[in-house]
Amino acid sequence: MSKYHNLMQKPISRREMLEVCKGGFGSLAFMSLFGVLPSACGGPAKSTLEASSLNLGPHHLPKAKNIIFLYMDGGVSQVDSFDPKPRLTKENGQDPRKKFKVDATQFDNVGKILKSPWEFKQYGESGMPVSELFPHIATCVDDIALIRSMTSQFPEHTNANYFLHTGSGLQGRPSMGSWMTYGLGSENKDMPGYVVLDGGLIPPGGLDNFKNGFLPASYQASVLRPGDEPIANISPKETIKDLQKQKLGFISLLDQQQLAKIGEVDAVESAISNYELAYKMQSSIPELTEFKQETKATKKLYGFESDNPHTRGYAAQCLLARRLVERGVRFIELTCPKVSADRWDQHGNLKEGHEHNAHAIDQPIAGLLKDLKSRGLLEETLVVWTGEFGRTPFAQGSNGRDHNPSAFSMWMAGAGVKGGTIYGRTDEYGYRVIENEVTVHDLHATMMHLMGINHKQLTFRFGGRDMRLTDVHGHVIKDILS
Amino acid sequence: MSFNLLFILFSDNPSDTLLFFGRFHPLIVHLPIGFLLLAVLAEFSTKWKKFKPIQNFIHYIWLLGVISTFFAVFLGYFLSLSGDYNEDIIFWHKWGGVAILILSIVYYFISKRQISIPVQGNAILLFGIAFLIFYTGHMGGNLTHGSTYLFEYAPNPIRRLAGLPNQWVPRKNLTLIDSVDIYLDLISPIMDKRCISCHNLEKKKGDLNLTSFSSLMEGGESGKIIIPGDKSSSDLFRRITLPANHKDFMPTEGKQPLTGDQVALIGWWIEKNAPSTGYLTALNPNKEIIDNVNRQLGLDDFNFLRKKVQPPKKEIIDSLSNNGFILNVLMKENYFLEANFSLSKKKLTPNTIETLLQIKKQLIWLNLTGSNVSDDNLKKIGELERLMKLNLSKTKISDKGLTHLEKLEKLESLNLFRTKVSDELINVIPKLPNLKRLYLSESNATEEIVSQLKKSKQNLEIIFDSN
């Protein structure tokens, strides 16, 4: 036994576990039957866990197997997208301070009440109102459950981003994707279980939004970025194939020796599993990003033939997301396309900024929903569209809107979600929630519920506490579930 | 001025002002409870030497008690004018309160040594005041919460001691929608959970009692609240569908509102002439109501998923895993499985499919997308009687194989995207009683076939892009 053995809690080696795991995250249950401790087989190992804290695999029958998280970085304005407010049109140009109590804003530049520059029309059998910004997404409303009563606890991007992604406004907690892959594993051994498709703009707060926090390191996101190579160094640099194999074999040998000396340490084990995964990704990633097999019709649906290069770029991301779902990747997040450095954060030039962004994402997202639906993938995939907070119904300066965490809109579509429904209400100005508030914790609880996880039972012991994505909050929003 | 006051006090129609003040009674009344009990305690405490010094100051506590009791009594009277409370209990509560007022005034003067009463009279009076406070207070609790409030969650032996029946247990465990009675299993439980805390025999807000069908139909002070056959004229339905901040909204006072399912069900029940009893299924419920009821009573078609199934044998798991399947357990503490072949690099062989049959009791989801599954293979696959989801997209199967699937009576989702199925759909699909979603894009199905299917199965969602 190594001299560190009493510092380690791991009673069984990762190697032994991987040997008996043949695949499938549900093999867990079997393994415990056969006297072997379970692990997330088929994916990165979780060897630094105490067996008793394992509560892995779905707790109840899941509706969704994968999540596509479409992140609208910067804060989309709710009154300009999915929450029409005729009152703003009526009182356009008036002083908001005379109408209601105005909370402090980030830039302290409270202007007049600003009506929406866009008209709203009703769509689908449900008659859901959608603004002119999203004519394509509007055709999918009968598959969408809209929540108008989202709230955040943070009015500033970095904290709000951490809050949305990790359930805490502070840096360093595991992200949603990490929790999901920790809780459910990943079916495809040749691909990471958690992928972030970087459209050009990493959200404020940086890559910590996608990290594993205190969960084992193999649960962090793999970031794919469009460019010559989807992932840096994905193509082998060695000209002789065998040479790479020999090198990796030697490194592996050294790592195993190190492991034998110090016992199981997450950093080393995750590094080992990362090397193995990276090796496989050399072939799986190029196959993934090769769109030759896709039909012209499919590409057109997503917007590959658009005049707008940003639309084309986002279309590729969406198509990639669908392909990732087909390849069993558990959690896929798309960041905001780099239409402008401001993302959706239009403190000024609301009309121009939101329009350019909307134009880039509208058709591809609609294409994604329709494509997923035709292929029968939508019933197993949860698509989430959200920002980190909303915007003020009164202007910032003359033509922008400042941050508003008190109310914003988001929608979900796909597995287990009741389409064509609207949940929650804001006041007549779209400023604050007045009915059925949904917090970020509630959103996380609901997402986990649809994936078959009871958010209260998926925990990881850290710092003497059984930590959860939802901390000690969150309840499942049953009214939008079908 | 005082004549007006008297008039207001004794007229039949108390003004809003009095009711406004009256509602502060539950707030104010806690002050005399506190002050008077403290005063009683203080008086007794002076038996000990160390508390002797406070003897001369206790009358201040009595004074506070007297003043607050005075206000509590008047506010209580105003509140009683609303007529919302049980008259019998009010009688005892009211006079108990008045007695407390009188006795505490007396003890105030005793405490100041301005009057005195013989021997043990003090102790008797103190006990009397304390007893009256508990008694009157308990009466007050009965007025607001009902006389069974304290026993609601008491263990059954204690309930029986108090003369109550055992705790109400829901009707026998319903497992089938066919056994559901519309009033007893659906409407009545909603009333019990959300309404009767204020609308019962003792506490009859709005003079309305919702604990039985007959009293429900009788209505209250505004008349009937259910008009059979007409939900828009039914005041009960109106009130539960108002915006939550409307003053007439029910349930009121921040109590948890009815869920969308509950509201829809009540509306449907009224439209069906609000029968007092009868099987739900006899009333011709549409799909929405059935789903609604399934959700409310937890009956879903997922009933059979509550059965316990055995874990499959290790050799079978190993064999299937080695031959390209990923097996996923889909819930804790049970072994219903998904078999996913979509990520396999291997070819599907008849042997492997034969092995699949060994887990047919556990297998509910099967994903064969993009595989080499053949029409012939479907003969065996059609024997997987518990399948709920079957994905055959992007395979070469055609009408020949489709026929083999007609026995899959639990099937809810069938994915035939990019397959060669066509006319045989018309024969096979109607035979699948639980089918909810059918994917036919990029198959050989036509508009005609699809529209025929839609006619024969109303509740089936068919996803078909005609281009």
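**Notebook: helix pairs, sheets and a buried helix**

I began with helix H5 (residues 58-80) and helix H6 (residues 87-111) of chain B, which pack at an angle of about 160° with their axes 9 Å apart. Axes here are lines fitted to C-alpha atoms, for helices over the stretch in contact, and angles run from 0 to 180 degrees between N-to-C directions. Helices (H or I, at least four residues) and strands (E, at least two) are DSSP runs, numbered from the N terminus. I noted that the model is a predicted one, in which local features need pLDDT of at least 70 and side-chain atom pairs count only at pLDDT 80 or more, while totals for chains, interfaces and linings use all residues. Residues are numbered from 1 along each chain as its sequence is written, and chains are lettered from A and ligands numbered from 1 in the order in which they are written.

H5(B) and H6(B) are therefore roughly antiparallel to each other (angles under 35 degrees count as roughly parallel, over 145 as roughly antiparallel, 65 to 115 as roughly perpendicular and the rest as oblique). I looked up which residues touch (C-beta atoms, placed from the backbone, within 7 Å), and the contact includes B:Trp62, B:Val66 and B:Phe70 of H5(B) and B:Ile90, B:Leu101 and B:Tyr108 of H6(B). The residues of this contact divide into 14 nonpolar, eight polar and one charged. For these classes, Ala, Val, Leu, Ile, Met, Phe, Trp, Tyr, Cys and Pro count as nonpolar, Asp, Glu, Lys and Arg as charged, and the others, Gly among them, as polar.

**Chain B as a whole**

I found 19 helices and seven strands in chain B. Buried residues make up 30% of its 467 residues, where buried means that 20 or more other C-beta atoms lie within 10 Å of the residue's own, exposed that 12 or fewer do, and partly exposed the range in between, with C-beta atoms placed from the backbone.

The strands E1-E2-E3-E4-E5-E6-E7 of chain B form, in that order, an open sheet with mixed pairing (two strands pair if DSSP finds at least two bridges between them). Strand E1 (326-329) and strand E7 (461-463) each have a single partner strand, so one side of each is left without a neighbour in the sheet.

**Chain A**

In chain A, helix H7 (residues 241-262) and helix H8 (residues 266-289) have axes that come within 10 Å and cross at roughly 160°; H7(A) and H8(A) are therefore roughly antiparallel. Among the residues that meet are A:Leu248 and A:Ile251 in H7(A) and A:Ala271 and A:Tyr275 in H8(A).

An open sheet of three strands has the order E2-E10-E11 in chain A, with antiparallel pairing. Four bridges join strand E10 (residues 390-396) to E11(A), and A:Arg391 has A:His403 as its bridge partner in E11(A).

Is helix H5 (residues 157-166) of chain A largely enclosed or largely open? Nine of its ten residues are buried, so H5(A) is largely enclosed by the rest of the structure. The buried residues of H5(A) include A:His157, A:Tyr162 and A:Phe163, and what covers them includes helix H6 (176-184) and helix H12 (440-450) of chain A. After H5(A) comes A:Gly167, whose phi is positive, near 80°.

Note on methods:
Two residues are in contact if their C-beta atoms, placed from the backbone, lie within 7 Å.
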